[in-house]
Amino acid sequence: MSASYPFSELQRGEDAATPEGRQLFSRLTKHVRLRQLQLLVALQQCGSVVQAAARLHMSQSAATQALAELERVLDMKLFERHARGMRPTIAGQALIDTAQEVLTGLQEAAESLASIRRGAAAALRLGAIPAAAMSVLSLLLPRFYDAHAQVHVDVHEDTSAHLLSQLMGSGLDAVFCRQPEALPAAFVFEPLLLDAAVVIADAGHALVRRRDITLQALKGARWVLPSYGIAVRNILEAEVLPMLEGASWFPASTVSLPVLEGLLTQPGAVSLVPRSILPGLRTQGRVRVLDVHIEGQLPPLGAVYRRERAPALLLEMLRLWHRLQLPHAASTSTE
């Protein structure tokens with residue numbers, strides 16, 4: 001839910017690669033097989049060649065040979081043995097992290113292909129941060145399917161930074177997230193939903209029935225902190241907690257709604273959250289928004305997509321959203 005992302009990092013290309021990096025990339029593309037990537041992940045999860053080979057229906061000797069070949073190609077040790085089996089080296093872990101992403105991407109592609117084989121007319125690959133999934137896609141997708149029952153939509157939920165990186169690499173058609181501070185010229189952000197920071201508490205909290213609550217009235221409250229690095233946490237730390245001398249909070253921070261709901265049942269507990277996540281609360285009857293005015297502004301939620309190559313189905317999906325005429329919908333439209 002953060003409002004800014006390291007696009008300079010996302011845009012790094014071949015020109016920025018070091019000679020050694022280009023050499024290793026060349027070796028990987030020429031010699032590494034998907035089966036070896038599967039083996040790396042299985043070795044990390046199982047901790048032994050015997051168990052990893054069994055999981056992949058390989059012989060132990062074939063698994064040992066595949067790992068040795070990969071280490072020879074890279075001229076780096078990827079695993080080290082210890083008393084209880086094997087563990088990845090720093091180099092091994094770096095490659096395993098990428099291998100997991102590659103295999104996950106292939107699995108998602110396989111699901112899209114399977115849907116097309118079953119009769120899907122087209123496929124859309126969408127990324128969404130949790131707030132956008134709960135407040136935008138949960139309303140939009142049912143209406144989209146009323147008109148396009150045969151379109152396979154693959155929704156991947158993650159952080160904005162990770163999803164935008166996939167979008168830049170053409171792994172996604174659009175990302176539903178907060179407005180970034182900057183975008184490469186080839187991409188556009190279309191605002192869809194205005195958002196705000198709100199204070200929430202359990203229905204039994206003493207301030208629930210009061211109106212025009214000042215921040216000072218929350219002086220004795222105990223805060224459930226949002227996770228670091230998200231926009232609402234920045235507002236809490238910059239504009240709310242400094243106004244409350246001796247403010248206290250739980251020794252935890254979270255974006256998990258079940259965890260948040262559980263902590264709000266504690267005496268005096270409150271939290272600052274985006275208004276957009278409220279539909280995702282399981283116990284909405286137990287969680288209430290307190291009548292407190294918060295000055296800090298949250299960036300709107302919307303869609304990031306390629307300016308010139310946006311799929312027609314995506315643009316139609318966005319037009320459907322604007323036709324909903326929701327109370328907090330942003331006014332910009334693709335029409």
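This is a short walk through the fold, from the whole chain to single side chains.

The model is predicted, so local features need pLDDT of at least 70 and side-chain atom pairs count only at pLDDT 80 or more, while totals for chains, interfaces and linings use all residues. Residues are numbered from 1 along each chain as its sequence is written, and side-chain values use heavy atoms, with hydrogens and water left out.

Start with the whole chain. It has 11 helices and 12 strands. Helices (H or I, at least four residues) and strands (E, at least two) are DSSP runs, numbered from the N terminus. Of the 335 residues, 45% count as buried. Buried means under 20% relative accessible area, exposed over 50%, and partly exposed in between (1.4 Å probe, protein chains only).

Now look inside. A nonpolar core is a set of buried Ala, Val, Leu, Ile, Met, Phe, Trp, Tyr and Cys residues joined through side-chain atoms within 4.5 Å. The largest one holds 53 residues. Leu124, Leu126, Phe144, Phe176, Ile200, Leu314 and Met317 touch the most other members. Helix α7 gives the largest share of this core, nine residues. A second, separate core has 26 residues, including Leu207, Val240, Ala247 and Ile294.

Take Ile200. Contact means heavy atoms within 4.5 Å. Leaving aside neighbours within four places in sequence, Ile200 is in contact with Leu260 and Leu264, among others.

Phe144 counts as buried because its relative accessibility is 0%. Tyr145 is partly exposed, at 30%. Rings of Phe, Tyr and Trp (its six-membered ring) pair if their centres lie within 6.5 Å; planes under 30 degrees apart count as stacked, over 60 as edge-to-face and the rest as tilted. The count comes to one aromatic pair. The ring centres of Phe144 and Tyr145 are 6.0 Å apart and the planes are at 75°, so this pair is edge-to-face.

His148 is buried, because its relative accessible area is 17%. Not counting residues up to four places away in sequence, His148 touches Leu313 and Glu316.
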